Amino acid sequence: MRADGHAPGRPTPDGQDAGELLRRCARDVADVAEGIRAVSARTGTALFAPSLAASARRRPRTGLAAQWALLRALTNRQALGGSAISAPKGMGQVLGAAGEALGRESLAALVAVTSLRLRIAAVLLDHPEFARDPGMRRLLAAVTADRDREAVRALRALFRDPGAQRALSGLAPLMAELVAVRALLAEDPRHDDTGRALVAGREPSAGPQDEPPHGTGASHLATMDRGAAEAVDLTDQEKQFIATKGSFLGFLRNVDVLSTDGRILVQNVRGPDGVVRYVVQAPGTAPGRPRNDSAQDFAGAWRNLFTSDSPHTRSVRLALADYGIPRGAELALIGHGEGGVALLNLARDEEFCRTYRVTHVVAVGAPVDHTKPADPRTWVAAITNEHDIVAALDGRDAGSVFDPHPHWYAVDYTGPTRQYPLCHMLREYIEHLRTIVPDAREDVDAALTPYRGPIVRTQAYQLKDRAHPPEGYPFLTLPTTSLPTTAGPVDVPVRYHDSAAAHLCFPVPADAARGLLPGVTWLTPSRLGRRALALLSLYEHRCSTIGPYTEIALSVLVDDLWRPRPYDVAADLLRRADLRRTGRYVLSVAVTSDEARVVAQEIWGQPAMRTTAEADLTGREIGVRSGDLGLTVGGRLGPGIRCPEADWILYGRRSESTVRTLVRAHGRPRLHPGTGVRLRLDTAAAEPLAGQLRRLGIDRARPRFVVTCPQFMLHRSAGAVLPR
């Protein structure tokens, strides 16, 4: 059942489409949020008006009472519920900063989030599978909880994971709301005109073009990074595909040859009139692993959306300075994706336009509706596929009735595929310009007539970003090696950039634990008194080098394989993880991806199986459900205390040998009592995990304690084969 009480795919009792009804409600609620913000702004202006302050000094009894009434109406939780930051200066800003520090949410912000949630509910009606994706769930939770940094990290994680491509496709209908509602959530109304207008479907009011909107997440990103550019040679193979004569498709094919490895191309073109002009061609970013040595990463793309001063833009400017373009020369800027945004940011820079004459800007598959060139004579073309989520990042999707630049040459067309990243690939755009929208190709070619001549010089530049360390630095920056598996080569250690975990600890009978271990004499369960300790580990791996997946693992603490000592498990906690003798023998592992299953079996020697599972381990309420396993874990965590990093040793079996795996974690684990968490197992639950839980007597038990970490990094080494 859905939130509106009706089954998916069925109309409401009055015959209306439920999804469209939710969208209309979202628009109405957004209008209400905008109205509340307008009332808050007017109330704050009246509260700190000089005339009211003068009246309060002359007639304290009535004047102070009026000020107090306005202040309560503005800040009381039962009224507008916000801060007084809408005042232009003085005490209003002090009160506003205090309200923000206390985490006060205004009524307008809460109503705006309600609008976004309604839009999300409408999208999930058509695609309920998006709600089960851990990366998508984390992003939506961060957006609705007003956690800007978390939202940016979640979006980067989605782009980095090859397995999240389908979830990224689901973002396309939400991008306008994500950007616009974030503007509504901004406490300073002077910087959210564009977002509110986009929500309401109106043209935004004129304002400073170079000031980034507050509350978008871009305000938290560093803006002082320095860019760099280095001239590089093209390979012999690349030179064969570089165009020798200027044309629109020729320039786009040049960009496609450059791929997305952080390079741009600068060319001299002798036009039909004999004048030498210059063409700058820039590719965008691609989903996949981040290139932290390049300005063309997703963080740079996000900054490009909201500010004209980014490492990518500065790197392009340095490349042009090195190329030696004379002052006053005519330039055409052609880019794809983030490259189009970066080049248009150059065109909106007044100093750059005073140095060079930017005649044309052509952006393909780029979110460029949020800005405009500094020179009004610049001819701008924007070509977007309506299914391309990158082009929707500016907050206006294809087909919108709102056109922020009626004088631009804009083409919004419907491509044959909805799947991301295929719909964003430049090769697809080139094919569509040749077959689906040939008129657009001809029109742009006609506009680029001064640049349709022989190319007399070509130079590639490698853009670099000196400010960003490698992803996960320094914890995850370690040497790796590739190991063959039946699923293909796998780099080890396997690195997890973003995970959440909950370890449920159960005291169990030592004889029952011993009966589940392999029939060898050197594997004995560690005893704490008369009991052994079993752990049910629940993981939500949102981003890893083997893709996102959920993991459920049952393990038992075991003694040193050669010299077991009583209570050695307690002494081992004082040793470094790589020197520990005790560890956890993994009895069963259930994972939600084939690659993770193969890695667990063939590299770590663990008895893994593929299953379906849903996990939510980031809040005080934790929950894991697997229909295939018949397993449900849920409950509310009690008060917790910080505990040391949870590094550990995992043991498994491969043939006649024991496999030892070192696992290192970096996060903020907390220890909670297990009274609020319960494990439930269906009577028809699948083996082997269900049978092991029953034999240990924990199939319907509460854990003694729970160790949780809602966000951490870890890496698992290759399994070392021991002669036992």
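# Exercises on a predicted protein model

The protein chain has an accessible surface of about 31700 Å², and 53% of this belongs to carbon and sulfur atoms (Shrake-Rupley method, 1.4 Å probe). The model is predicted: local features need pLDDT of at least 70, side-chain atom pairs count only at pLDDT 80 or more, and totals for chains, interfaces and linings use all residues. Residues are numbered from 1 along each chain as its sequence is written, and side-chain values use heavy atoms, leaving out hydrogens and water.

**Exercise 1.** Find the strand order of the open sheet of four strands, and name its edge strands.

*Solution.*
- Strands are DSSP runs of E, at least two residues, numbered from the N terminus.
- Two strands pair if DSSP finds at least two bridges between them.
- The order is S17-S18-S19-S24, with antiparallel pairing.
- Strands S17 (614–616) and S24 (677–681) are the edges, as each pairs on one side only.
- Now look at S19 (residues 631–636): five bridges join this strand to S24.
- One of the residues to check is valine 633, whose bridge partner in S24 is leucine 679.

**Exercise 2.** Describe the largest nonpolar core, then trace the contacts of leucine 631.

*Solution.*
- A nonpolar core is a set of buried (under 20% relative accessible area, 1.4 Å probe, protein chains only) Ala, Val, Leu, Ile, Met, Phe, Trp, Tyr and Cys residues joined through side-chain atoms within 4.5 Å.
- The largest has 49 residues; Leu504, Leu536, Ile552 and Leu631 have the most contacts inside it.
- Strand S11 (residues 494–509) gives the most to this core: five residues.
- Contact means heavy atoms within 4.5 Å.
- Leaving aside neighbours within four places in sequence, leucine 631 touches residues including Ile552, Val624, Leu679 and Leu693.

Definitions and conventions
Buried < 20%, exposed > 50% of the residue type's maximum accessible area, 1.4 Å probe, protein only.
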